[in-house]
Every structure is written in structure tokens, then in C-alpha cells.
Amino acid sequence: QVQLVESGGGLVQPGGSLRLSCAASGSIFRVDDMGWYRQAPGKQRELVVVITSGGRTNYADSVKGRFTISRDDAKNTVDLQMNSLKPEDTAVYYCNADIVGRNLVRVNYWGQGTQVTVSS
């Protein structure tokens with residue numbers, strides 16, 4: 001069994017910063033792509049950024065230059081540094097990862113989500 005556990009959400013003023021973290025644990029052989037998605041009230045879940053096992057990244061245009069993703073393969077973690085936050089960044093943020101288990105089966109996993117609210 002594999003779990004993704006997120007942390008780091010909260011309330012921040014416009015222009016502020018937050019750092020989200022996500023840790024994968026369980027019966028893991030290899031972690032492939034990792035990423036962050038978000039879902040605002042009344043809207044569909046959307047990609048924020050993805051990072052491949054080789055370190056290539058793909059950011060949504062709306063967060064380019066403000067958000068930075070990083071991963072630590074030794075710890076099976078992925079972080080999202082969010083700077084210059086805007087009210088429109090308010091959403092539930094979800095960690096996502098493609099993980100190959102020790103049974104060598106590749107499965108896509110989601111975290112439980114963490115709320116980010118940007119408001120004065």
C-alpha cells in the first residue's frame with residue numbers, strides 16, 4: 001500500500017509565500033512523475049506543475065515565475081514553493097505521483113489535499 005501525505009497549506013496574505021510538501025510512503029519500488037494540482041470552488045481540478053524523474057518540469061502559465069517544484073528522490077518527497085501568491089491561487093492543492101510498487105505495478109496516486117487560501 002502506498003500513501004501520499006501533504007502538509008503546509010494555510011492562510012496567507014496576497015504577495016506572501018507558502019511551501020507545500022508531499023511525502024510518499026509504503027511499498028515503493030520507484031517514483032516516476034510527481035506533481036501538484038489544484039481545485040478552486042466551482043472549478044475543475046487543474047495542473048499546477050509536474051516534475052519527471054529526470055527533473056524536467058512543466059508549469060501552468062498562471063504560476064510560471066512564482067512557483068517552484070523540487071523533489072528529493074532519496075526521501076520520495078516533492079515540495080512546492082509558492083511565492084507572490086494571489087487571491088486566484090486559492091484552492092485545495094493535491095499532490096499526485098506515478099509510483100511503481102514492489103509488485104512492479106505502476107499506479108497513479110493522489111494525496112488528500114491541503115487548503116491554500118490567499119486573502120487579506
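How do the residues of the lining of the largest pocket divide into nonpolar, polar and charged? Let's walk there together.

**Before you click.** This is a predicted model, where local features need pLDDT of at least 70 and side-chain atom pairs count only at pLDDT 80 or more, while totals for chains, interfaces and linings use all residues. Residues are numbered from 1 along each chain as its sequence is written, and side-chain values use heavy atoms, leaving out hydrogens and water.

**Start with the whole chain.** Show it as a cartoon: you will find 11 strands and 0 helices (DSSP runs, E of at least two residues for strands, H or I of at least four for helices). The radius of gyration, taken over C-alpha atoms, is 14 Å, close to the 14 Å that the globule rule gives for 120 residues, so the chain is as compact as a globular protein of that length. That rule is 2.2 Å times the number of residues to the power 0.38.

**Next, colour by burial.** Buried residues (under 20% relative accessible area, 1.4 Å probe, protein chains only) make up 41% of the 120 residues.

**Now select R38, K43, E46, S62 and E88.** You have reached the largest pocket, with a volume of about 170 Å³; of its 13 lining residues, these are the closest to its centre. A pocket here is an open set of points on a 1 Å grid where a 1.4 Å probe fits, with protein on both sides within 12 Å along at least five of seven lines; lining residues have an atom within 4 Å of a point. The volume is the space filled by probe spheres set on the points.

**Finally, colour the lining by type.** Here is the opening question settled: 7 charged, 4 polar and 2 nonpolar residues, with Asp, Glu, Lys and Arg counting as charged. Ala, Val, Leu, Ile, Met, Phe, Trp, Tyr, Cys and Pro count as nonpolar, and the others, Gly among them, as polar.

Methods. Buried < 20%, exposed > 50% of the residue type's maximum accessible area, 1.4 Å probe, protein only.
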